[in-house]
Amino acid sequence: YPSTTVAALTAIESGYSPTETGWIGWDLYFDEIGENVTVFKNALQRNGEPAAKYNVPFKYIPYKRIFQRIEAVRGKKTAYCVSAFSKYRSKSVHHICKTVYRLSKRRKQKYIYSYWHQPDNIMHLYGVNSTQAKNEVKMINKEVEKLCKKLKNSLVIITADHGQLDCVNEYLEDYPVLTDMLKVPPSIEPRALSFFVKDGKAEAFKEDFNKTFGDFFRLMTK
């Protein structure tokens, strides 16, 4: 926990837990610039513009990726990342599998990590049990099975970065009594918000939040 892409992918890409890296959610508050920053994009949460001329998350909560850590011990070309955002840029699951197979044939023992953004996006759009989501999972499964049949002397681990449930969203903006008691907009994740409450408003915020959302959400101090 939190069951979110930023925490999970950073943990897998670094070998450190989210509490060690500080990368615990999509939008983190940085006191150094007084803003919530979408960490994967280095963008301001409020308008999507660049957070700074430098990478804010990597300046204030840097971490070393596991690929660098492996290569520091095992030498060059022993760790690879294959995704839509890496050097080995991939446009489809089929493309990923072709790249993974090609890299696997290189002589050295190696670690290959790959990430694909589906069925996450499809489930957000159409729902967990949608035909679109089921078809996507079947397609991914088919491509990975074909890859595994060709690989030799390889261990393949497949995991999701988090699960999903169909639900009804609530929008905090619809509750001005609560938002007026906040110093800055909520941060971390919609599914696990962090509130910076104004001085002297903690009890009032707690009371109003529990009255409004107490049947569905748990309010805790940090």
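This short talk covers salt bridges in the structure above.

First, the ground rules. This is a predicted model, where local features need pLDDT of at least 70, side-chain atom pairs count only at pLDDT 80 or more, and totals for chains, interfaces and linings use all residues. Residues are numbered from 1 along each chain as its sequence is written, and side-chain values use heavy atoms, with hydrogens and water left out.

How many salt bridges does the structure hold? There are 5. By salt bridge I mean a side-chain nitrogen of Lys or Arg within 4 Å of a carboxyl oxygen of Asp or Glu.

Take Glu13 and Arg65. Their closest N and O atoms are 3.5 Å apart. Glu13 sits in helix 1 (residues 5-14), and Arg65 in the loop between helix 3 (56-60) and helix 4 (66-74), so this pair ties together parts 52 residues apart in sequence. Helices here are DSSP runs of H or I, at least four residues, numbered from the N terminus.

Buried or exposed? Buried means under 20% relative accessible area, exposed over 50%, and partly exposed in between, with a 1.4 Å probe and protein chains only. Glu13 is buried at 15%. Arg65 is partly exposed at 33%.

Next, Lys146 and Glu143. Their closest N and O atoms are 3.8 Å apart. Both residues lie in helix 7 (residues 131-150), 3 residues apart, about one turn of the helix. Lys146 is partly exposed at 43%, whereas Glu143 is buried at 13%.

Now Arg191 and Glu189. Here the closest N and O atoms are 3.7 Å apart. Arg191 is partly exposed, with a relative accessible area of 42%. Glu189 is buried, at 4%.

Methods: Helices (H or I, at least four residues) and strands (E, at least two) are DSSP runs, numbered from the N terminus.
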